[in-house]
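The following exercises accompany a structure and its sequence. Each task is followed by a solution in steps.

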Amino acid sequence: MSDRNSLAWSGREASELSVDGVVDGVLGPDDIRIGPDTLRRQADVARAHGNPQLASNFERAAELAAFEESEILALYEMLRPRRATAEQLRAKADELEGREAPICAAFLREAAAVYERTGLTA
Amino acid sequence: MADADVNRPIGRVRFMDAQRVNLDGFATENPGLGMVAYDSPTDPTPSLVIRDGRVVEMDGRAEADFDSIDEFIARHGLDLEVAEEAMAVGDLAYARMLVDPAVPRGELVRLASGMTPAKLAAPLAMLRPAELMIAMTKVRARRTPSNQAHVTNRLDDPLLLAADAATAAAFGFRELETTVPVLNDAPSNALAVTLGSVVGAPGVLVQCSVEEALELELGLRGFVSYAETVSLYGTHDVFVDGDDTPWSKALLAAAYASRGVKMRVTSGGGAEALMGGAEGYSMFYLEARCVALARAIGAQGVQNGGIDSASVAASVPKGVRSLAAENLMVMLRNLESCSGNDALMSESDMRRTARTLPTLLAGSDFICSGFGSIQRFDNMFGPSNLNAEDIDDFLAIQRDWGVDGGLRTADTDDLARLRRRAAEVTRDVYAWFGLADFTDDHLERAVDAAGSKDLGTTDTLAVLNAAHTIKTSGMTGLDVVSALHQCGYPEEAQRLLDMLAARVDGDYLQTAAIFDEQMNVLSLVTDPNDYLGPGTGYDPSPDRQREIDAIRQQRSVEDLRRAQDDPEEFARFSVVGEAAVGTAAGEVVVGLSPAVGRAISRTLSGLTVSEALVEVLAGLEEEGCIARLVRVNDSIDLGSIGLKAARLAGSGIGIGLQAKGTALIHRRDLSPLANLELYSVAPTIGRADYRLLGVNAGRHAKGATPDPARNPYSDEAIEARYHTRVVALVAIERALATGGAAEELAWKGER
């Protein structure tokens, strides 16, 4: 279980969220957006409760937390069958590496190799 | 018999053929098409070879031959530190551990994490139904069971969606799933169901099942709070036909988590066979691959148990059993089980009930992955195995077995209030954003509607326009919070904000998470299942048990006594004096039970006692007999009442009539339990029957031979309908049977 002081992406604490703040326009989407540290903490919780795969998912998510929604949708699209060549997937992996997303980068490289072997590349 | 009829089956078979179960399809097992529940000849023998910390063979397939599913499971899905130990456990030994109360859930889950798909499938295929249920009770993730509802309608009408979402929340559903007949309506449906949900109760999760990318967008923008339509399949080719790969699905799982949104995946036995891509494998083996993959990609839960292909699985031997085994497999992979029981799998009420009952009795994280909270025709997923038609049945079954299926009785007045508020909130919010305007008449119809057929003609283009505006305007869940507040719905604004704020903590990303109505997260982490045999694990709290027990149809003796109180009827009867023995040859005495004229006014058929009496007396009069009325005060037994009446009658013939309507004809020389004619099924005795009773009693008195009465044709569950009332009526009679002498009554009837 996480503690109660989770920080939103904006840096604001979850406990500071109020309807008035929303109505007054003080609070925005980044105030209800989960932060990467929270996701990593949830990964620890998942691991402690017998599910390292769920933990890995949260660790991938912690990296994606920094990405724009359109970028995430584009990444998803790229990984669908025959959307990208292996080179494109590897190039994207290199880009992710440079954006502090090494876990996702490795994930894309793994996909590139399997897609090549199983006929899933463009 | 005419020649044309020679080949016609006999009447008994024609009758059986006409039963609804024979509308269902039943298939001969055909492993080549994947039409086999367990144990296809093609299914592999479990195996796992690990070299230098890397899986190089799994379930009989070498690394070089891995398809994309094998590859993902081998690289991500197995705990290699446990694998050697787990693969060495005998299938029968593990099967026994599953039902052994001495083996805790944690140990079963630990071993399963090192088992390949085929390895975990083998012991589960050994479990008999009762063993599956015990194992489900022990292994499901969350201690507290729950349930999910479908909320849809044929018109995508926002006001009706909102009213029905509030209704579903009032009935206790903690997840609401909507979908669309018209894809472009999706953003409007998501918004309307979310608005209804926050009116109905705090902490209700909402999803909109549509194509993967749109569903993700709706989640990211805060219009829904979880996702479920992330489908997995057990063969590479079918998976790719679904336009995804294990990697793209895993990315989706991470995408949802990256915005703090709960998600689970969907699979289900029979899906591959339905798509012609089972490759000769059994349904259960392919599902074992799906569930292993679900764990591997890092989903917290799985919706399975047939789902859209439930009727495919149900068409083969042991198919329904395999659906329950699928649910158990999810639990053993330490994941949330959303246990199917959604698609209507049979035209037979018995078969569909039999399919769901084990899940309900065993308990699951979600008994149904979509109980149709709306009527069948409004369910845009197709009719569910349970629908609005069945909510009262389900509540009664919960009460019968004393189990928590996640539902509760909604107070009738609360329902009316919540439906109105949900429709008003939605109308106001749609107007606030300029999405659509709804008339007063439309609102009134939505509040009262039992389904979209009650709405009349609606402007479906307005819905499409609203959805388009939501999609393109960039508005988010926070804008809806603001709109709710400014439209004068602060409580709903707070509830919606609470759902959005929960994303920041991320606690509801953990396995099997739901919110209770105080916004506490209940999950594998906070509410772990601790079943270890009788006396342990989940039992409803006393408050929850009362909620389960107190269905709105239950009645007490006091309720029934009040319903029977009719001073006007009672005033027709007055006591003349002590009953005397008559001497007239044509005299018949009608013996009445103690409560007649005092406490019970109506028979079980709905006639007043006087209305029954009118007919009896008229029948006697037709036969030229004289009647006297006597109330017996020392017995409630109909035989004794009738016999006592006969012994007081000059003719030696008496009629016994209980206030609840049961009646007989007696003769003074018979024993109490032997009688001349018995009219035993009080609920079906009408005026004509009482008239015949009088006539026949009269004929007996004259020594003539009457034509005995026959029981009417009936296929009603007479006892189910009336026995509770009988218990109360008998109690009332018994309290008045004080042992006093029989009384001669005068009666002011109307003929």
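**Exercise 1.** In which sense do strand β5 and β6(B) of chain B pair, and over how many bridges?

*Solution.* The model is a predicted one. Begin with strand β5 of chain B, which spans residues 175-179. Its pairing with β6(B) is parallel and comprises 5 bridges. One residue pair may then be located: B:Thr179 has B:Ser209 in β6(B) as its bridge partner.

**Exercise 2.** Determine the strand order of the open sheet that contains these strands, and identify its edges.

*Solution.* The sheet has 4 strands in the order β6-β5-β4-β12 (chain B), with parallel pairing. The edge strands are β6 (205-209) and β12 (369-372) of chain B, each of which pairs on one side only. On average, neighbouring strands of this sheet are turned by 35 degrees against each other, direction ignored.

**Exercise 3.** Describe chain B as a whole.

*Solution.* First, count the elements: chain B has 30 helices and 21 strands. Second, consider burial: 57% of the 751 residues of chain B count as buried. Third, consider the extent: a box of roughly 110 × 65 × 65 Å, taken along the principal axes, is filled by the C-alpha atoms of chain B.

Key:
Residues numbered from 1 in each chain as written. Chains lettered and ligands numbered in written order. Predicted model: local features only at pLDDT ≥ 70, side-chain atom pairs only at ≥ 80, totals over all residues. Helix = DSSP H or I, 4+ residues; strand = E, 2+ residues; numbered from the N terminus. Buried ≥ 20, exposed ≤ 12 C-beta atoms within 10 Å, placed from the backbone. Pairing = 2+ DSSP bridges. Axes fitted to C-alpha atoms, helices over the stretch in contact; angles between N-to-C directions.
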